[in-house]
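I opened a new structure today and kept notes as I went. Here is what I looked up.

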Amino acid sequence: MTLTFRKLHGLFAAEASPIDLRKVHDDATLAKIRAGMDEHAVLVFRDQPFTGAEQVDFAARLDGQLHTKTGLNAIQENRHGHAALTDISNVDADGNVNKADDRRRFYSLGNRLWHTDASFQDPAGRYSMLNAQVVPDVDADTEFADMRSAYDALPDEMKARLEGLKVHHSLAYSRGMMGFSFSQAEQQTLQGAIHPLVRTLAGSKRKSLYLASHASMIVDWHVPEGRLLLWELMEHATQREFVYRHSWRVDDLVIWDNRATMHRGRSYDDTLHRREMRRVTTLDLPRTAQA
Ligand code: OGA
Ligand code: MN
């Protein structure tokens, strides 16, 4: 079976031809998916009815080690009983849709800010793989922004200005912006991390802007000046021409490269409509022999 990718947007994002990823174990197909990720940064696979365990196994086959230090694990018991399975849903442990004043809901609403997964950790997230179990019949989409194209479109003076800059990323900062605060104990696992603002991606050799709502400061800069520059870059990178919007179907698996994209959930009435997804994110560590 040959795997092919059909572009969904002029700059990035593609949909894969029919394939059952649960059965993909061979190096050639896994390498083809990685190459597709290098080129398109977001890949949509339809009809992937993964169990949580199958999703975890596939993520490890594709990209190595898995992230377990997500913000959600810091604030609540993991509903899926596996630290690498992040519960991207609006449902509590008993399966009921979260009430409007639920703390977990306030935390989850932070996903509606433009971000990249686990940038507040080191290693940060590389691939995120989000699998949809329950999709409401109102729009509850996810948007992705292509940070390589956004970098390419910057004026040369700006590119020169950004060279060598480092950014501090903090979940307490981004959630704080929404009025959400962590307890002292929760913050223990959320110290924040420093990453380069511009990075050259190993696979595509393209440069990318590494930004997020978690980006709190430019290291060694006065805080207000750094924030203004970060906000200016966020505004630039999220212009419509750089954005792909994904409409979910049940059993979709969407894989995105957190080094090359930002994403955000779009608003819908999450106190009314059930939406259940599971995410696995890999660690952004150097690849071993196979890739
Ligand atoms: C995520 C995320 C957005 C959404 O799963 O990392 O940010 O639309 N999701 O659920
Ligand atoms: Mn996310």
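Entry 1: Are His 115 and His 263 buried or exposed? I found that His 115 is buried, and His 263 is too. Here buried means under 20% relative accessible area, exposed means over 50%, and partly exposed lies in between, with a 1.4 Å probe and protein chains only.

I noted the ground rules next. This is a predicted model, in which local features need pLDDT of at least 70, side-chain atom pairs count only at pLDDT 80 or more, and totals for chains, interfaces and linings use all residues. Residues are numbered from 1 along each chain as its sequence is written, chains are lettered from A and ligands numbered from 1 in the order in which they are written, and side-chain values use heavy atoms, with hydrogens and water left out.

Which protein donors hold the manganese ion (ligand 2)? I listed His 115 (NE2), Asp 117 (OD) and His 263 (NE2), at 2.1 to 2.2 Å from the ion. Donors are N, O and S atoms within 2.8 Å of the metal (3.2 Å for Na, K and Ca); water is not among the atoms, so sites may look incomplete. The spacing of the donor residues in sequence reads H-x1-D-x145-H. His 115 sits in the loop between helix H4 (103–108) and strand E5 (125–134), while His 263 is in strand E14 (residues 261–265), so this pair links distant parts of the chain, 148 residues apart. Helices (H or I, at least four residues) and strands (E, at least two) are DSSP runs, numbered from the N terminus.

**Entry 2: the cavity.** I counted one cavity of 30 Å³ or more. On a 1 Å grid over the protein atoms alone, a cavity is a set of points where a 1.4 Å probe fits but cannot get out; a pocket is an open set with protein on both sides within 12 Å along at least five of seven lines; lining residues have an atom within 4 Å of a point. The largest cavity holds about 530 Å³. Its lining has 35 residues, and Ile 88, Ser 108, Asn 111, Arg 112 and Arg 275 lie nearest its centre. Elements giving two or more residues to this lining include H4 and E14. By type, the lining has 10 nonpolar, 13 polar and 12 charged residues.

Entry 3: The largest pocket has about 220 Å³ of space. It has 14 lining residues, with Arg 126, Leu 201, Ala 202, Gly 203 and Arg 259 closest to its centre. Helix H1 (27–40) and strand E9 (198–200) each give two or more residues to the lining.

**Entry 4: two helices.** H1 has 14 residues and reaches 20 Å from first C-alpha to last, close to the 20 Å expected at 1.5 Å a residue. The expected span is 1.5 Å times one less than the number of residues. Among the buried residues of H1 are Leu 30, Ile 33 and Met 37. Ala 41 follows H1 with a positive phi, near 70 degrees.

Helix H2 (residues 52–63) has 12 residues and reaches 17 Å, close to the 16 Å expected. Its buried residues include Val 56, Phe 58 and Leu 62. H1 and E5 are among the elements that cover them. Just after H2, Gly 64 has a positive phi of about 90 degrees.

**Entry 5: Arg 227.** I found Arg 227 in helix H9 (residues 223–237). Arg 227 is partly exposed, with a relative accessible area of 25%. Leaving out residues up to four places away in sequence, Arg 227 touches Tyr 173, Ser 216 and Met 217. Contact means heavy atoms within 4.5 Å.

How values were computed
Points joined across faces, edges and corners; volume = space filled by probe spheres on them. Nonpolar A, V, L, I, M, F, W, Y, C, P; charged D, E, K, R; others polar.
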